[in-house]
Amino acid sequence: MDSKSASATSAEDFGGMDALVKAAKAEGKLTLIACPDDWANWGKIIKLFEKKYGIDINSTNPDASSAEEIKAAKNLKGQSNAPDVFDLGAAVATTSTDYFAPYKVTRWSSIPDDNKESSGLYVNDYTGVMSIGYDSSKVPRPTSVDDLLKSAYKGKVAINGDPTQAGAAFAAVGWVTLQEGGTLDDYSTGINFFRKLNKAGNFLTVSATSSTIASGETPVVIDWNYLNVAAAEQNANYKTVVLPNKAYGAYYNQAINKDAPHPAAARLWQEFVFSDDVQNLFLKSGALPVLAKSMTDAGTIDKAALKKAGGLPDDIAIATSAQTTAANTLLADTWSSVSAS
């Protein structure tokens, strides 16, 4: 590992973007983790990076949870196939900073202060809103979260992972909390709903993926809108419902592994993710990029994609760092009892 690249906190530390690109090309490789091709357009983003820079990407364990990303960094430390960068849910990002290297991309000043850790340890990249995806050939269209408690949904409702480990599942509990009249200060309302869902025999403990949706194993999934929309490409009967009120969002976060085997490529990847091209690719998937407002003001946003994604909302609830920490503690103490209730 090149110590200069590993300690760089900005492109200026390399001598500018051209020098950063040169250093990254010299490494020639980049290892990603938890970036499924059908999640927020990662497949197209990966291909674009490889084409633009001639750097080979090793995309490992695409369906890994956020917690598994950190576990991989720990277990593979010192190995060439360790992850260079992470894409993490807020719950894991905020509690894993010991694994991150600070870095501020060239567009740092355009990223709102609320969307970045002040030293650059992690930075929001995109969000969506929670939704209900459903196989219209198997269940009726849900019009509320409470509909999922009905007999028509018996043995059919899943989430994307374990909320103590996976960002999408954590967000599902937060969203249900709001839908059921609770607040993000206390996720117990959402946890209690899943207890009721399990008691009714409707909750599936299978972690939903595009494959389980395509096979029909998980006919109903509470997940990010962009993931449920993407799942329809493999199942024409699969539809997505975004309930009109009490929207919930949670940004995913880019971070660099402090022990990245390809530190220059890792930093170039960060620059790339916050480029207009990639931010618009997030948008085309239905996800809202962190630079959407800045790009709208600059006239570089993909207007058609923004319209299709529903425009720039101003009423999405996003858990604060303190609320996320409190929810993490509560879920760690209580979630295991949900499937046992």
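**Exercise 1. How many aromatic pairs does a search of the whole structure find, and how is the pair Phe49 and Phe272 classed?**

Solution. The search turns up 22 aromatic pairs. Before going on, note that this is a predicted model: local features need pLDDT of at least 70, side-chain atom pairs count only at pLDDT 80 or more, and totals for chains, interfaces and linings use all residues. Residues are numbered from 1 along each chain as its sequence is written, and side-chain values use heavy atoms, with hydrogens and water left out.

Step 1: get the rule. Rings of Phe, Tyr and Trp (its six-membered ring) pair if their centres lie within 6.5 Å; planes under 30 degrees apart are stacked, over 60 edge-to-face, and the rest tilted.

Step 2: apply it. Phe49 and Phe272 have ring centres 5.2 Å apart and planes at 65°, so they're edge-to-face.

Step 3: Phe49 sits in helix α3 (residues 42-53) and Phe272 in helix α10 (residues 263-273), so the pair ties together parts 223 residues apart in sequence. Helices here are DSSP runs (H or I, at least four residues), strands likewise (E, at least two), numbered from the N terminus.

Step 4: check burial. Both Phe49 and Phe272 are buried, where buried means under 20% relative accessible area, exposed over 50%, and partly exposed in between (1.4 Å probe, protein chains only).

Step 5: look wider. Ring pairs link residues into a cluster, with Phe49, Phe272, Trp39 and Tyr126 among them.

**Exercise 2. Is Thr127 buried or exposed, and which residues is Thr127 in contact with, leaving aside its neighbours within four places in sequence?**

Solution. Step 1: find Thr127 in strand β5 (residues 123-127).

Step 1: read off its accessibility. At 2%, Thr127 counts as buried.

Step 2: follow the side chain. The side chain of Thr127 reaches the backbone nitrogen of Ala250 at 3.1 Å.

Step 3: list the contacts (heavy atoms within 4.5 Å). Leaving aside those sequence neighbours, Thr127 touches Tyr226, Gly249, Ala250, Tyr251, Ala287 and Leu288.

**Exercise 3. Which strand gives the most to the lining of the largest cavity?**

Solution. Step 1: know the term.

Step 1: pick the strand. That's β12 (residues 252-257), with three residues.

Methods:
A polar contact is a pair of N or O atoms within 3.5 Å; within protein, one must be able to donate a hydrogen and the other to accept it, and residues adjacent in sequence count only if both atoms are side-chain atoms.
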